[in-house]
Amino acid sequence: MQIRGADLITLLLERQGITTIAGIPGGANLPMYDALHGSGIRHVLARHEQGAGFIAQGMARATGKPAVCFGTSGPGATNLLTAIADAKLDSIPLVAITGQVPLALIGTDAFQEIDTYGLTVPITKHNFLVRSAGELLEAIPDAFRIATSGRPGPVVVDVPKDVQNAILDIDRLPEPGRPDPKPPLDEAQMRRAAAMIEQTERPLLLIGAGVIAADGCEELRELSRRASLPVAATLLGLGAMRHEDPLFLGMVGMHAARYTNLLLEECDLLVGIGIRFDDRATGKLAEFCPRARILHIDIDASELGKLKQPCLGIEADAREALAALCARLKPADRTAWRTRIAQMRDAHPLATPGLDDPLQPYGIIRHTASLLPEDAIVTTDVGQHQMWAAQAFPFTRPRQWLTSGGLGTMGFGLPAAIGAALAQPDRTVVCFSGDGSLLMNLQELATAAEEGVNVKVILLNNSHLGLVRQQQQLFYGGRYHASRFEARPDFAALARAFGIEGHDLDAADAPLEVLAEVLGRPGPCLINVPIAREVNVYPMVAPGGANRDMIEGVAHAPSH
Ligand SMILES: Cc1ncc(C[n+]2csc(CCOP(=O)(O)OP(=O)(O)O)c2C)c(N)n1
Ligand SMILES: [Mg+2]
């Protein structure tokens, strides 16, 4: 059959199971848009390509399946870069398909020409500049295979306009790209790993995004129960264990509860699964888990020994490794270690002042949680509000918590929430945002309005770049600079201007009733929650400091 390059792309995307694409059209990708017209794929028109990238990420993070965004050449592609880099650092299977100037114009500084291939080399798992329509037959399935194999990640496919317009003669379509087979489990290594766990008295599991990506949370919970293994999580591992599980120790690192970081000091074996020893999690690496031997299991062999030399490093799929450990480990009580954990938890719990007050950070997060169905999805932006949410939201399931961990991208929350809501229309999606972050992709409120997605933006509004203000207070002698907003937009009115409901929680006589009512209604809305600027996130480990040296704060620091 004869087929135009652009139509082939659409067909191959359909065969990959893609049902929704977020993007923005332009001169260099118009053939692809022409091909989408009349296809079975729904297109969501973002208002900025970074928004499109994060909408696709929201779909991918909420489902675990690869998701696609479209951008045109030049500024369309450069606007996508942040979302692609973010997907790289958090291992998200994102396929970004960009338009490029015609082949003959490449390298001539043509209108809207930019070297998308060159720009995306360091922020993708792989990238393609497609030079003929025939190459699409391999490049598109390969993009999906690579994005989803082993450790997931972003792939860019850059398609010149004449390649999109070229007519190709083909007799059959390629098979959709599927993940490569996982590396086989090394039985001898698993035996050694099980023996290491059984021989130690105070083992501790530290799990991260890799366990969720591998769909290994059932196996994790089972293993933890069976062998009485306490589990701590990185920021991106939250949700893998239920928050109230007695063996769950919460998040580690810079804003962990004191007991969690202190237990890492005491453990004699750290079993890291699907983690990469990020500095926000480990603090000063040389002083991380000083008494522990390290057993590290990861699907990405290049992570083993990259930062912390393990006694045993195993390249394996987290789910398969967890299941194998579970099968090998005898049931154990670990009474002494569990008693110690309970003691530490009582002695050094996470302080969550203001829990009852919906106009305080922990209060609004917990009240919101209590009003949401258990299957709700939570996204955040980046800053204090993100850390309060990580600390206080009662997570119960994997893929419930979507946050920009590695890149820490302000502006992530709203478009990611839209993507999650598009992928899971039956769930409520809450985006805890900050007044700095929300403005970085505010235009996506128009997309939310247009799509009518069930996204509730809860804006923790401190009129500051709060986390910057906090660092200036704690580490720069209170010399506040460029962290305070003099102009304070009326966010509720802005929401209404975009065509969605906007509320000021402090203006309500009965804030909780308003919150319940608004969260219960379908469709997008924004709830502005003014909070005191002085409230900090505690505990806090100074950047570069050891996790044991946590700064404990008073809930309200002196104002400035
Ligand atoms: C794109 C981007 N620019 C700058 C930063 C640095 N940064 C980290 S947190 C933060 C403040 C965020 O302010 P806001 O969204 O209001 O959240 P708050 O800390 O006040 O809760 C800044 C500027 C960042 N993470 N991302
Ligand atoms: Mg703020």
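Which residues do ring pairs link into a cluster? Select F393, F395, W401 and F432: ring pairs join these four into a cluster. Rings of Phe, Tyr and Trp (its six-membered ring) pair if their centres lie within 6.5 Å; planes under 30 degrees apart count as stacked, over 60 as edge-to-face and the rest as tilted.

Before going on, note that this is a predicted model, in which local features need pLDDT of at least 70 and side-chain atom pairs count only at pLDDT 80 or more, while totals for chains, interfaces and linings use all residues. Residues are numbered from 1 along each chain as its sequence is written, chains are lettered from A and ligands numbered from 1 in the order in which they are written, and side-chain values use heavy atoms, with hydrogens and water left out.

**Aromatic pairs**

Searching the whole structure gives six aromatic pairs. Select Y33 and F70 next: their ring centres are 5.7 Å apart and their planes stand at 75 degrees, so this pair is edge-to-face. Y33 belongs to helix α2 (residues 30-36) and F70 to strand β4 (residues 67-71), so the pair ties together parts that are 37 residues apart in sequence. Helices (H or I, at least four residues) and strands (E, at least two) are DSSP runs, numbered from the N terminus. Y33 is buried at 12% relative accessible area, and F70 is buried at 1%. Buried means under 20% relative accessible area, exposed over 50%, and partly exposed in between (1.4 Å probe, protein chains only).

D435 is buried, with a relative accessible area of 3%, and H464 is buried, with a value of 3%.

**Cysteines**

Finally, turn to the cysteines: the structure holds zero disulfides, a disulfide being a pair of cysteine sulfur atoms within 2.5 Å. Select C69, whose nearest cysteine sulfur, that of C431, is 19 Å away. C69 is buried at 0% relative accessibility. For C217, the nearest cysteine sulfur is that of C326, 14 Å away. C217 is buried too, with a relative accessible area of 5%.
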